[in-house]
Amino acid sequence: MVISANTRVESLAKSGINQIPKEYIRTQDELTTITDIFQEENNQQCPQVPTIDLNDINSDDPKAREKCRHEIVKAATEWGVMHLVNHGISGDLINRVKAAGESFFDQPVEEKEKYSNDVASGKIQGYGSKLANNACGQLEWEDYFFHLVFPEEKRDLTIWPSTPNDYM
């Protein structure tokens with residue numbers, strides 16, 4: 001079976017296939033290098049996802065604000081991900097966002113397709129499947145909903161990626 005670029009992972013999983021398409025299967029060599037992130041989380045010899053304390057983001061001290069901003073830029077540039085603490089977002093709001101995501105992904109594929117993105121045309125926000133090849137040539141096995149949280153005119157373009165592919 002050849003997987004087309006517009007095939008959603010959910011559709012493929014529900015299609016009744018009895019074998020995972022070869023495009024998604026990792027090589028044995030790659031599988032042996034996958035580690036348990038929870039075991040490595042506290043291993044200081046392994047690279048650590050940066051934890052950024054936002055306590056100083058609104059500090060009266062300009063040096064403290066700049067240090068916090070620098071840590072965010074560095075984490076975004078070098079990792080593309082970070083763990084934020086002291087962000088002030090309530091647990092209730094986090095739970096509501098999680099519930100909204102679960103509600104969206106519980107819908108039928110046809111309904112989610114109404115919100116599909118089209119990265120090739122520049123429409124990077126929306127529902128999609130990550131069907132890009134990884135370094136070993138396998139496809140990623142995930143559907144996602146990508147959404148920018150800041151309007152373009154409000155973003156500091158010096159810290160945000162410049163092309164749609166940089167967001168993926």
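This is a predicted model: local features need pLDDT of at least 70, side-chain atom pairs count only at pLDDT 80 or more; totals for chains, interfaces and linings use all residues.
## Overall build

The chain has 168 residues. Its secondary structure comes to six helices and four strands. Read from the N terminus, the order of elements is α-α-α-β-α-β-α-α-β-β.

Take the contacts in the chain with a separation of 6 or more: 50% of them join residues 24 or more positions apart.

## Surface and interior

How much of the chain is buried? Buried residues make up 24% of the 168 residues. The accessible surface of the chain is about 12,500 Å². Carbon and sulfur atoms account for 53% of that surface.

## A nonpolar patch

Which residues make the nonpolar surface patch? They are Ile89, Leu93, Ile94 and Val97. The patch covers about 330 Å².

Leu93 sits in helix α5, which spans residues 91-105. Its relative accessibility is 35%, so Leu93 counts as partly exposed. That class lies between the cut-offs for buried, under 20%, and exposed, over 50%.

## A patch of negative charge

Another surface patch carries negative charge. Four residues gather there: Asp53, Asp56, Asp60 and Asp61.

Where is Asp60 found? Asp60 belongs to the loop between β1 (51-53) and α4 (62-78). Is Asp60 buried or exposed? Asp60 counts as exposed because its relative accessibility is 78%, and the cut-off for exposed is over 50%.

Conventions: Residues are numbered from 1 along each chain as its sequence is written. Side-chain values use heavy atoms; hydrogens and water are left out. Patches are made of residues with over 30% relative accessible area and no salt bridge: like charges are joined within 9 Å, nonpolar side chains (Val, Leu, Ile, Met, Phe, Trp, Tyr) within 5 Å. Accessible areas come from the Shrake-Rupley method with a 1.4 Å probe; for residues, only the protein chains shown count as cover. A salt bridge is a side-chain nitrogen of Lys or Arg within 4 Å of a carboxyl oxygen of Asp or Glu. Helices (H or I, at least four residues) and strands (E, at least two) are DSSP runs, numbered from the N terminus. Buried means under 20% relative accessible area, exposed over 50%, partly exposed in between (1.4 Å probe, protein chains only). Contact means heavy atoms within 4.5 Å. Lys and Arg count as positive and Asp and Glu as negative; His and the chain ends are not counted. The place of a charge is taken as NZ of Lys, CZ of Arg, CG of Asp or CD of Glu.
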